[in-house]
Amino acid sequence: MLKHIVFAISGFLIVLQLGLFVYREETAEWKGYQETYYKKLAEVVGDPKIANSAIQVTQIWDKKLNRADRCTTCHAGIANPAFENEPQPFTTHPNFKDEGYISKHSFEKFGCTICHEGNGQAVTVDATHGVVKHLDRQLLSGEYVQAACTKCHYELLARGVYWPEADVLMKGKKLALDLGCGACHAIRQFGTNPPLAPELSNMGSKTELAFTLVHDFSQIESEDHITRVWEFEHFKDPQKIVPGNPDAPNPKDRTSPTSMPNWDLTEEEAKALTVFVLSLRDPGVEEIPDTFFPEIASHDGFLQYR
Ligand code: HEC
Ligand code: HEC
Ligand code: HEC
Ligand code: HEC
């Protein structure tokens with residue numbers, strides 16, 4: 001009996017020690033970035049005292065959005081135009097300086113994950129970047145961030161609307177209209193409703209789990225088994241990803257390869273269509289509060305419809 005207790009206690013201590021070790025390692029990471037940031041800031045401002053500023057997790061919390069984003073714990077210079085040429089994670093946000101369009105989305109109000117998705121609460125590089133296992137909304141970076149603009153700017157998907165700020169999405173929308181996706185797929189945003197293929201209207205609001213549970217990744221080349229990778233490879237070669245089972249021994253089990261056409265798309269085109277498909281959002285899932293719906297100054301003449 002005593003042996004068991006001793007064993008249990010020592011087991012517990014080992015786990016505790018391991019936990020503390022991991023905790024220290026993780027906090028060391030963001031602390032290091034913040035220390036460096038304040039040193040750099042002290043130089044920029046010319047005030048050495050700033051180098052000794054208190055190190056702490058910073059967080060943008062918006063009650064209405066119900067999100068707490070800690071990205072600025074490391075991305076500390078994100079809203080500081082003087083950090084334009086500093087390395088990540090200190091760099092000024094692209095298109096922020098000189099009242100660029102990003103600056104119209106005040107970080108204090110919008111936070112980061114409203115556009116970038118990902119895990120806003122985490123404070124390690126591993127848990128916030130790249131593909132994170134079991135995360136329902138993977139970080140969007142580069143051109144993929146354009147798939148989030150339609151959460152608020154519905155008009156982006158209207159015919160005849162072109163926004164240069166979301167050029168990849170615009171390219172995807174044009175391809176989707178030109179190639180006639182709406183002939184087979186229901187796409188509410190385009191007003192199409194044929195019953196020949198799965199509805200796409202809410203594709204961008206699905207969780208990773210909801211997607212991966214019903215999609216076959218066995219033909220996917222990439223090791224990253226997430227939605228956007230499946231979509232991209234499927235656009236490149238639909239019959240490879242959805243080959244059906246035409247040679248099954250039992251005729252009853254035989255299914256044809258997908259009827260979705262292979263257009264021999266370039267990487268760029270397949271990516272643009274992926275961004276397009278992920279921009280098809282379900283407003284009921286996104287739940288963006290009214291106060292985040294824009295009155296746009298520079299793109300006048302569009303209709304804001306909900
Ligand atoms: C622990 C510190 C840390 C936190 C927390 C953090 N970042 Fe980063 N981030 C970095 C570093 C370091 C880099 C540059 C190295 C790299 O690319 O991994 C980077 C790069 C990036 C990039 C460009 C490269 C890429 O991976 O696409 C984006 C976008 C980005 N971060 C967004 C975010 C967002 C959004 C959050 C919050 C959800 C966040 N980061 C939280 C440290 C951090
Ligand atoms: C209104 C939407 C929006 C918001 C809000 C937003 N971002 Fe971004 N972010 C973008 C877009 C779009 C890009 C891609 C820009 C590009 O590649 O030109 C981007 C790119 C980045 C990059 C990569 C920069 C590079 O040089 O590659 C980082 C880092 C980043 N964002 C961090 C953040 C952090 C941290 C926050 C919160 C403080 C944030 N973003 C809030 C839209 C947004
Ligand atoms: C959470 C809602 C939301 C998201 C997501 C969002 N925006 Fe906005 N956006 C707004 C609001 C609100 C404004 C108006 C801000 C103001 O001027 O008061 C705005 C303004 C703009 C403007 C400036 C127009 C002008 O001159 O007033 C542009 C351009 C823009 N957004 C592009 C984008 C792009 C591109 C993305 C995706 C990377 C994006 N937005 C994501 C809400 C959003
Ligand atoms: C001839 C009819 C047809 C056309 C045209 C077509 N598709 Fe498809 N698509 C299908 C069928 C059938 C499926 C289901 C089997 C599969 O996954 O390939 C499908 C599947 C998809 C899926 C996966 C949906 C899911 O939930 O599994 C996406 C995304 C998609 N198509 C996007 C598009 C886009 C974007 C276009 C236009 C560029 C397009 N499709 C044009 C027939 C079509």
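Me: What conventions apply here?
Reply: Residues are numbered from 1 along each chain as its sequence is written, while chains are lettered from A and ligands numbered from 1 in the order in which they are written. As this is a predicted model, local features need pLDDT of at least 70 and side-chain atom pairs count only at pLDDT 80 or more, whereas totals for chains, interfaces and linings use all residues.

Me: How many residues surround ligand 4?
Reply: There are 20, and the closest are Cys 181, Cys 184, Ala 197, Thr 258 and Met 260. A residue counts if its C-beta atom, placed from the backbone, lies within 6 Å of the ligand.

Me: Which elements give two or more residues to that shell?
Reply: Those are α5 (167–179) and α9 (267–278). Helices are DSSP runs of H or I with at least four residues, numbered from the N terminus.

Me: Turning to the largest nonpolar core, which members touch the most others?
Reply: Of its 24 residues, these are Ala 147, Leu 169, Leu 273, Val 275, Phe 276 and Val 277. Such a core is a set of buried Ala, Val, Leu, Ile, Met, Phe, Trp, Tyr and Cys residues joined through C-beta atoms within 7 Å. Buried means that 20 or more other C-beta atoms, placed from the backbone, lie within 10 Å of the residue's own.

Me: Which helix gives the most to this core?
Reply: That is α9, with 7 residues.

Me: And α7, is it mostly covered or exposed?
Reply: Mostly covered, with 8 of its 10 residues buried. Trp 230 and Phe 232 are among them.

Key:
A residue is buried if 20 or more other C-beta atoms lie within 10 Å of its own, exposed if 12 or fewer, and partly exposed in between; C-beta atoms are placed from the backbone.
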